Amino acid sequence: MFWWRWGRLFRALLIGLALATVGRFFADKAWWLDILADFQVQYVTGAGVLLLAALLTRRIKEAALALVLLAVNGAVLAPHIGPLLPGQLFLFTPAVAGQPAMKVVSLNLNFNNQKTDAVVDYLRRENADVVTVMEVTKEWRQALEQLKDIYPYRFYGPLCRCPGD
């Protein structure tokens, strides 16, 4: 009885992984399929675990499907992974030596924060390529206008509807 339930669960996991793998290739058709593209590492891990389980339980058809899923998901993930260099903590490919890296600064301004000059000075010192700010009030928009000489392009979303406004 236990193996019968295990077999159904095993097939359900494989079918679910297969549907997620195929669905991610249609990400441009629907937003809910686009979400599937964010889990490639998990798909590779899941396919590897299912392949190992299939081999240990001698389920040849399931092992073949898990191997195909591992190959497809691994091929999609492979270009994003580089060799692990000495002293490197992450598998993802580092910036190419000699080429400038993009500097991104993201700040939560905190709608109660009144230290606009300190933030503006910080942003001038950092000289980032991209700056994102959150909790922008009318006062903060005015203060950030001082940076238009170094950040001529900007987009403001809706104003923060923060408590006390």
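Y43 has its place in helix α3 (residues 40-56), where helices (H or I, at least four residues) and strands (E, at least two) are DSSP runs numbered from the N terminus. This is a predicted model, in which local features need pLDDT of at least 70 and side-chain atom pairs count only at pLDDT 80 or more, while totals for chains, interfaces and linings use all residues. Residues are numbered from 1 along each chain as its sequence is written, and side-chain values use heavy atoms, with hydrogens and water left out.

With a relative accessible area of 8%, Y43 is buried; the classes are buried under 20% relative accessible area, exposed over 50% and partly exposed in between, for a 1.4 Å probe and protein chains only. If neighbours within four places in sequence are left aside, Y43 is in contact with L17, A20, L36 and N73, a contact being heavy atoms within 4.5 Å. The C-alpha atoms of Y43 and V72 are separated by 9.7 Å, and the two residues are 29 residues apart along the chain.

V72 also belongs to a nonpolar patch on the surface, which it forms with V22, F25, F26, L65 and V68, and the accessible area of the patch is about 500 Å² together. Patches are made of residues with over 30% relative accessible area and no salt bridge, like charges being joined within 9 Å and nonpolar side chains (Val, Leu, Ile, Met, Phe, Trp, Tyr) within 5 Å. Accessible areas come from the Shrake-Rupley method with a 1.4 Å probe, and for residues only the protein chains shown count as cover. Helix α4 (residues 60-77) gives the largest share of this patch, 3 residues. V68 is found in helix α4 and is partly exposed, with a relative accessible area of 48%.

Turning to charged pairs, the count comes to 5 salt bridges, a salt bridge being a side-chain nitrogen of Lys or Arg within 4 Å of a carboxyl oxygen of Asp or Glu.

| Salt bridge | Closest N and O atoms |
|---|---|
| K103 and E126 | 2.8 Å |
| D149 and R124 | 3.2 Å |

In the pair of D28 and K29, both residues are exposed. K103 is partly exposed at 35% relative accessibility, and E126 counts as partly exposed at 23%. The salt bridge between D149 and R124 links distant parts of the chain, with D149 in the segment after α6 (138-144) and R124 in helix α5, 25 residues apart. D149 is exposed, with a relative accessible area of 54%, whereas R124 counts as partly exposed at 34% relative accessibility.

For the protein chain as a whole, there are 6 helices and 2 strands, which follow the pattern α-α-α-α-β-α-β-α along the sequence. Of its 165 residues, 26% count as buried. Among contacts with a separation of 6 or more, 57% are accounted for by residues 24 or more positions apart. The accessible surface of the protein chain comes to about 12100 Å², and 65% of this surface belongs to carbon and sulfur atoms.
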